Amino acid sequence: MINAIWKKTLTGATAALLLTSVAQAQDCKPKHDFKTITPGVLTIAVTNYAPHSFIDESGAMRGLDGDIATEFAKRECLTVKPIAVDPAAAIQYVLSGQADITTGDWYRTAERAKVMNLSYPLYKDQMGLYSKDGVKTVEDLVGKKVGTVQGYLWVTDAKKMLGADLRLYPNSVNMHQDLQSGRIDIGIDGYSNGAYAAKNGSLKDVKIEIAQPDDRIRATKEAAQASLPYAKSATDFGAALDANIQDMHKDGTIAAILKSYGLDEKAGDTGEPMLIE
């Protein structure tokens, strides 16, 4: 008898919970009318590139891009479906229709814009100078052993300026190790990577500064704008995505997300959308 009573009580509680969930879902009103690959779901190809994009130990999507995408989904009554992918495959996931967007600090470049659409800018990816002395200027690089990571916008200009004094690395981890061991004097990397690492207790004894503007390295004057890439054909989706991102800039959501990862809120002052040639 007692078991039967408990069973009825639990069944009633479960039913009430389900009814509440359904009611809440019905109460959610999307801000825009558009389609996703799977109705009611925002499918995201998530790369592992902290602090921009990663999946945490609980399986939740995190990072600057991840939190912005999650907020977009919330405002449009969508369920988030993250798919962990290799960075080399992420763009193809979108192009092939396996994901609506991808996260991972994807720059708004003219070359990328030829094959897919790029959302309204999320934030600026500023060039950072890493050193034990706290250098801030491009001039401070002259005559020093400098390292940077392949693929960044400033690499070509830095090569012209520094020649054999510039060492290229396949990833940030290797470069940071050489900086801490003294094999290079200064590292050039995205400021956000260092700020996040410092917030989490890494890069001890290394100071990270945003490089001051210098004509010799264009990226110090025109920082790249990060975006969420999506398919060329998804025009209604893109309009909704852009409108939400602009609202998040206006209401302070993106500034708060940047701050939560130890970054300067000013990185959210992207200016007008532009494509890097």
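Trainee: Which helix holds glycine 194?
Mentor: Good place to begin! Keep in mind that this is a predicted model. Glycine 194 belongs to a helix that covers residues 191-199, and that helix is α7.

Trainee: Is glycine 194 buried or exposed?
Mentor: A residue counts as buried when its relative accessible area is under 20%. For glycine 194 the relative accessible area is 0%. Because of that value, glycine 194 is buried.

Trainee: Which residues is glycine 194 in contact with, leaving aside its neighbours within four places in sequence?
Mentor: Picture the chain folding back around this spot. Once the neighbours within four places are set aside, the contacts of glycine 194 are Tyr130, Leu203 and Ile208.

Trainee: Let's move on to the sheet. What is the order of strands in the open sheet of 5 strands?
Mentor: Start at the edges, where each strand pairs on one side only: these are β11 and β13, the latter being residues 207-210. The pairing in this sheet is mixed, and the twist averages 25° from one strand to the next. Reading across, the order is β11-β10-β12-β9-β13.

Trainee: Which residues of β10 point one way, and which the other?
Mentor: In a regular strand, side chains alternate between the two faces of the sheet. Strand β10 covers residues 146-149, and all of them are buried. One way point Val146 and Thr148, and the other way Gly147 and Val149.

Trainee: How many bridges link β10 with β11?
Mentor: Strands of a sheet pair through backbone hydrogen bonds, either parallel or antiparallel. Here β10 and β11, which is residues 166-169, pair in the parallel sense. In that pairing, valine 149 faces tyrosine 169 of β11. The number of bridges between β10 and β11 is 4.

Trainee: In β12, which residue is the bridge partner of glycine 147?
Mentor: Strand β12, residues 186-190, pairs with β10 in the parallel sense over 3 bridges. In one of the pairs, valine 146 has isoleucine 186 as its partner. For glycine 147, the partner in β12 is glycine 187.

Trainee: At what angle does helix α6 run to β12?
Mentor: Look for helix α6 at residues 172-181. This helix lies across β9, β10, β11 and β12. Its angle to β12 is about 155°.

Trainee: How do α2 and α8 lie to each other: roughly parallel or roughly perpendicular?
Mentor: Two packed helices are described by the angle between their axes and the distance between the axes. For α2 (residues 64-75) and α8 (residues 235-250), the angle is about 110° and the axes are 10 Å apart. Since angles of 65 to 115 degrees count that way, α2 is roughly perpendicular to α8.

Trainee: How many nonpolar residues does the contact of α2 with α8 have?
Mentor: From α2 come Ile68, Glu71, Phe72 and Arg75, which meet residues of α8 including Phe237, Leu241 and Met248. By class, 1 residue of this contact is polar and 3 are charged. The nonpolar residues number 6.

Trainee: Last one: what share of the protein chain counts as buried?
Mentor: The chain has 9 helices and 15 strands, and its C-alpha atoms fill a box of roughly 85 × 45 × 35 Å along the principal axes. Of its 277 residues, the buried share is 46%.

Notes
Residues are numbered from 1 along each chain as its sequence is written. This is a predicted model: local features need pLDDT of at least 70, side-chain atom pairs count only at pLDDT 80 or more; totals for chains, interfaces and linings use all residues. Side-chain values use heavy atoms; hydrogens and water are left out. Buried means under 20% relative accessible area, exposed over 50%, partly exposed in between (1.4 Å probe, protein chains only). Helices (H or I, at least four residues) and strands (E, at least two) are DSSP runs, numbered from the N terminus. Two strands pair if DSSP finds at least two bridges between them. Axes are lines fitted to C-alpha atoms, for helices over the stretch in contact, and angles run from 0 to 180 degrees between N-to-C directions. Angles under 35 degrees count as roughly parallel, over 145 as roughly antiparallel, 65 to 115 as roughly perpendicular and the rest as oblique. Contact means heavy atoms within 4.5 Å. Ala, Val, Leu, Ile, Met, Phe, Trp, Tyr, Cys and Pro count as nonpolar, Asp, Glu, Lys and Arg as charged, and the others, Gly among them, as polar.
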